[in-house]
Structures are given as C-alpha cells and as structure tokens.
Amino acid sequence: MNRRHFLHTSAWAAPTLLCRAKTTEPTQILGQGDFRYRQIPGWGVLDKQTPVKNCHGLVEDSEGHIILLTDEVQNNVIVYSPDGKLVSKWGHHFPGAHGLTLVQEDGREVLYLTDTVRHRVFKTTLDGEILQEWGPPTGPPAIKEEDYKPSWTLHDPANGDFYVLDGYGTDHIIHYDSAGRERKVFGGQAGGITHWGPHGGIFNDQKLLIAMSDQQHLLEVSTDGTLGKKVPLPGGNPRQIFRKENHYFVGHLADNWPADRNSRGFISVLDADFRVVSNIGGTAPKYDDKDALQKMSQQGEAFQHPHDLIVGQDDSLYVAQYASGNTYPLKFERV
C-alpha cells in the first residue's frame, strides 16, 4: 500500500495525520537540472526595530555571518547568523548605500561599500569603522561629484587592486592600486560602455566580468579597458554575479525592466562556458539550433526584483531585493 492510498483509506481513523501531511508538504522547487532550490520561509525576517528599505548587497564572512547592505539609514548594515537571527547592526550615514564587497586585506576582512547619493566609496571594518574613502576620480577624465554615482567595486585578489564601476553616473571604470591610489580612468560611453550598463560584477580570470543590467548581457573587460566577450542574456537584466567554483550565479532584476517596472526577476546559473543551465524562479533555458539562448522570463512568485545574491558556505542561495516592498533577504536551500 503506498502512502497516498494509506492516508486516503485511514482518514476516518486518523484525521490529524492528514492535517500534518498537509502542513509539512514541501514548498515549490525552483530551477532545473542540478541547480534546484526550495525557499526557507521566514529566514532573515526581523522586527520593526531593524527595518530595511532596498536590500542592495550581500556578503558572507569567514564565520558564516550573512551581511546585508540596505539604504535604510536606521541600520545600513545588518549582520545575520546562519539561521537568520540578528547578530548586530550599524550605519546611519549611507542614504545611497548600494554595492557591497568583502575583501581579505592584510590578514583581516574588510568591507567596500558604494554610496550613489554621497558619491563615494568607503572601506570599513566588519563592525563599521571607516578606514578609507574615495570621492570622484581626478582623471583624466575628471568626473564632477554630482555626476559620480558608483555602483560596485571589483577586486583583484592577486595584487589587491580594485576597480570602481560608475554605473549610475558616467559609466566609467576607475582603477585603484592596493593602497587606494587612483591609477587610471577608462570606459565610459567613449570607451564603448553603454549607459545603464555597468552595474555589478566580479574580477574573473584576470578580467572584469560586468553585469550590464539594461543591456541584457555580461561583458568581459580587460584591466586596460579593452572590451572582450559578450554573454547575451535575453529577457534578463543582470545586476550582479557570484562565482561558485565553475558556475556563475546571476541575479536579474526583472524580465522586462525598465519598460515594465512591475515585471519580476529570477536567478540564472551559468556553467564555465557561460551557458545557462538553470533559471531559478524562471523558465527553463533553451538554445536554438544555432546555439543562441532564447528569451528567458520570470516564472512563479518567488522573487520581485533580485539585486544581489551569494551562495553560502552551506551551499544555500541568499538573495537581496530592490524595490520589493521593504522585504528582508531570502534564503533557498539546494535540493
């Protein structure tokens, strides 16, 4: 007798068993192939003393804490335990808090955060002490403060150099050495970087791999500004990239943004050859007979507007969302 038949035939004698089976039914499985996930309901939800506005950035420290950046100035940075409980919070002076990166420097972990309203990049300790900050680059070309709206920082683990994407401003990329000295400004529209493009990214195989948001592709750029490979992601709006071993996880803000700001987003998983192998909360990836990726779209209601994501030490997926009703980060376990 299978379980379903047993429950049906035993309903007269064990109604509580039927109720228990209903309440413990697994939540929806998202994604395809080897990358499928199930949401952990309620993870990371806090009380009104710790509000969020737009959840912009996520990182994980060496102790497994999940660190969130929000532009809510009551607590710009929220530190979670692995089970989603509040550990600490800090920050009241970052109204344009946007990009968040964790970096190992001189034997300790530090944070780099960008502020599009204050037109600056900050380096801080994990508990909020500001160690260094950078305003608009002096160039050439120089960028006026009001035009400078940095979105993210990308870091070379080999030498400590880092690159700032002026993704909401002039679309330039500013190169700094490990001591924080400005070395070069490149990109921009004159350098082939389209406006509403360079939003987030990672330093990948000695190149910058940039999520080009409204342009619907990833773009490789060498450290001297030479444009390289494009990875089309039709139907997506890539905002940030996370690499886990030989796979890339890309968060799409929405499948028809900015034309329809009520459209919803999803997460793509790409293999080492930049082929999409799974869409979490989206339609299954399809390639035509010319090996071109067909238009993807959101599916279901798991996400509103994914903005950043990480894969944790526990192999779970964590997602921060923009313009999503002041919602806390989401956690999905791999199945």
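1. Strands here are DSSP runs of E, at least two residues long, numbered from the N terminus; two strands pair if DSSP finds at least two bridges between them. The model is predicted, so local features need pLDDT of at least 70 and side-chain atom pairs count only at pLDDT 80 or more, while totals for chains, interfaces and linings use all residues. Residues are numbered from 1 along each chain as its sequence is written, and side-chain values use heavy atoms, with hydrogens and water left out.

2. Four bridges hold strand E1 (residues 29–32) against strand E2 (residues 35–39) in the antiparallel sense. Gly31 faces Arg36 of E2. The hairpin of E1 and E2 has two residues between the strands, and Gly33 there takes a positive phi near 60°.

3. E2 is also joined to strand E25 (residues 330–334), by three bridges and again antiparallel. Arg38 has Glu333 in E25 as its bridge partner.

4. These strands belong to an open sheet of five, in the order E1-E2-E25-E24-E23, with antiparallel pairing. E1 and strand E23 (306–311) are the edges; each has a single partner strand, so one side of each lacks a neighbour in the sheet. From one strand to the next the twist averages 25°, with axes fitted as lines to C-alpha atoms and angles running from 0 to 180 degrees between N-to-C directions.
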